[in-house]
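Me: I'd like to learn how to read sheets and cavities in a protein model. Can we go through one together?

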Amino acid sequence: MSDHAEELRRLVGDIVGGTPVADRSSSELWQTLWGLGLPLVGVDEARGGSGGTYEDLIAVVRTLGEYAVGAPVAEMAVASWVLAHDRAVTEQTTIAFGVDAVYEDELSTLRIPRVPWLRDASAVVVYDRAGSVWYVEVGTPGVEVREGTNLADEPRDDLVLRGDAGTRLSAAPPMPQVRARLALLRAAAVAGAVAGAYALTRDYVMGREQFGKPLARIPAVASSLAAMRVAGVQLDAALERAVEQLSPANGTSKAYLAAVAAAAVVAAETATTVARAAHQLHGAMGVTHEYPLHHYTKRLWSWPGEVGSEAHSAEYLGALALEHGESAVWDELTR
């Protein structure tokens, strides 16, 4: 991790650490994050961004996950990065991908489901099925927001478009590159939530006693706690590898896309492993509303698969292996 990324990680900790876990998704906290420019990290300052690198943004998103913060930092950062290829960034923007869209009302209406934080955005960057990119202002005629949430009670709204809505963004990067960028940020958020759930569980089993000794000294408990830790380290390694592969070809190489797919698969598996083990080790305490564990595990159950499913990522890796051979894919992921 670079010095700049470490400084950003500490900054997020200073901002969020003193706030109760239940209040870490408040609009007040979001305005603080926005005011500090954290959702614009990785976007050129000349285009209205905060500067910095994608690695810096990864550090911010991972740290927010570690503190169980629900905020559209990743989505806005990616949307703003896309928008900055055409124009300066001046407002809060989210992103939507038409690959999941469905037509309604005899093909006159297009609905893109589960767009993150759409209701709070001024505009949305939309990639349609053909790969064209549009800038759509929320609240204009022909644009409707149907509100919904995920398991963690974070906004996942449907974007409904009628007629011609939006302005074409001709200089936007291709959709696979953008989806990979967002998928890796989602994996980083999962890695942060994994770290937070692990820390909470470790402190719990170290502090609770049974039969006159800490729960952590019971072999089965120690083994389960170690499995959580190993899973988290594995995910961080997958993230680091993908970030390393971003720069050489500006996020378009097969090595980078394969590394992102691998990170997405590892993130999904790790989220399941850690959420299950955390609740098992907490017992009845882990299901109470007042205890903070559910702020982590609900996100671990929600975030993986929101930018392409685990199966889709695994199929992509499988297709590469069929095309180039298993050893070639392994070499790309590990060299």
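This is a predicted model: local features need pLDDT of at least 70, side-chain atom pairs count only at pLDDT 80 or more; totals for chains, interfaces and linings use all residues.

Me: What is the order of the strands in the open sheet with antiparallel pairing?

Reply: Strands here are DSSP runs (E, at least two residues) and helices are too (H or I, at least four), numbered from the N terminus. Two strands pair if DSSP finds at least two bridges between them. In this sheet of 4 strands the order is S2-S3-S7-S6. Strand S2 (102-104) and strand S6 (143-146) are the edge strands, each pairing on one side only. S6 is joined to strand S7 (residues 156-162) by 4 bridges, and Glu144 has Val160 in S7 as its bridge partner.

Me: Which strands stand at the edges of the sheet with mixed pairing?

Reply: That open sheet of 4 strands has the order S1-S4-S5-S8. Strand S1 (93-97) and strand S8 (167-168) each have a single partner strand, so one side of each has no neighbour in the sheet. S1 and strand S4 (residues 123-127) run parallel, joined by 5 bridges, with Phe97 opposite Tyr127 in S4.

Me: Which strands does H4 lie across?

Reply: For contact, look for heavy atoms within 4.5 Å. Angles run from 0 to 180 degrees between N-to-C directions, using axes fitted to C-alpha atoms, for helices over the stretch in contact. H4 lies across S1, S4 and strand S5 (133-137), at about 85° to S1. H5 packs on the sheet too, touching S1 and S4, and its direction makes about 120° with that of S1.

Me: How many cavities of 30 Å³ or more are there?

Reply: On a 1 Å grid over the protein atoms alone, a cavity is a set of points where a 1.4 Å probe fits but cannot get out; lining residues have an atom within 4 Å of a point. Points are joined across faces, edges and corners, and a volume is the space filled by probe spheres set on them. The search finds 3 such cavities. The largest has a volume of about 160 Å³; of the 16 residues lining it, the closest to its centre are Val69, Ala71, Arg186, Ala189 and Trp303.

Me: Which helices each supply at least two residues of that largest cavity's lining?

Reply: Helix H3 (54-66), helix H4 (73-83) and helix H5 (175-207) do.

How values were computed. Residues are numbered from 1 along each chain as its sequence is written. Side-chain values use heavy atoms; hydrogens and water are left out. On a 1 Å grid over the protein atoms alone, a cavity is a set of points where a 1.4 Å probe fits but cannot get out, and a pocket is an open set with protein on both sides within 12 Å along at least five of seven lines; lining residues have an atom within 4 Å of a point.
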